[in-house]
Amino acid sequence: MTKWQEPTAGDAVLTRIGQSVMLHHAGDREEARVRFLALWREIGVEGDPLHRCTLAHYMADTQDDPCDELAWDLRALSAAEELTDDRLAGHEGAPAARALYPSLHLNLAADYVKLGRSEAARSHLRHARCTAGGLADDSYGDGVRAAIHRLELRLGDDGPDLGEDPGGPPRQRS
């Protein structure tokens, strides 16, 4: 799924996360996973929500088991819920907190597809779609919107119901 750009400010933890992401993208998935896990132990479950969100978001991609991937994506969403735009303001290139949600929900939808849980996938896909308005009109936003559309097509989801509450029960299919 689409990922956000790494913040480039002088944050050593985000730099180390970025280095591990580069390892993963270069094909060393196992080493990236080992480094992410070491960082997670350093950060801890009560650590900075930006660090936890970013790390968990990328750690999910290094998992072999779809259940483990889901667990990390859920950690990322949980940490994102603690973020504020003020926390992100000091990081050049960081998206606004609200701009993280489409990607996080999209990843969760994809996780649930892998696990054969189509209703849970559709629920998170609706959340991704409904929060996509917070995305900028740039390559990142375009990529997330395109990925949402691709997953909608894959699931046979017919797009937004403008009167729908994204937190409510799934729509009845005819």
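The model you are looking at is predicted. Its protein chain holds 8 helices and 0 strands, and if you trace the elements from the N terminus, the order reads α-α-α-α-α-α-α-α.

Let's stay with the chain as a whole for a moment. There are 174 residues in the protein chain, and 47% of them count as buried. The accessible surface comes to about 8,700 Å², with carbon and sulfur atoms contributing 51% of that area. As for how the chain meets itself, take the contacts between residues with a separation of 6 or more: 63% of these join residues 24 or more positions apart.

Now zoom in on two of the helices, H2 and H3. Helix H2 covers residues 29–43, while helix H3 covers residues 49–59. How do these two pack? Their axes lie 10 Å apart and form an angle of about 155 degrees. Angles over 145 degrees count as roughly antiparallel, so H2 is roughly antiparallel to H3. The crossing of the pair is left-handed.

Which residues bring the two helices into contact? On the H2 side you will find Arg33, Phe36, Leu37, Leu39, Trp40 and Ile43. Facing them from H3 are His51, Arg52, Leu55, Ala56, Tyr58 and Met59.

How values were computed: Residues numbered from 1 in each chain as written. Predicted model: local features only at pLDDT ≥ 70, side-chain atom pairs only at ≥ 80, totals over all residues. Heavy atoms only, no water. Axes fitted to C-alpha atoms, helices over the stretch in contact; angles between N-to-C directions. Helix = DSSP H or I, 4+ residues; strand = E, 2+ residues; numbered from the N terminus. Parallel < 35°, antiparallel > 145°, perpendicular 65-115°, else oblique. Left-handed = near helix turned anticlockwise from the far one by under 90°. Contact = heavy atoms within 4.5 Å. Buried < 20%, exposed > 50% of the residue type's maximum accessible area, 1.4 Å probe, protein only. Areas by Shrake-Rupley, 256 points an atom, 1.4 Å probe, with all protein chains shown as cover.
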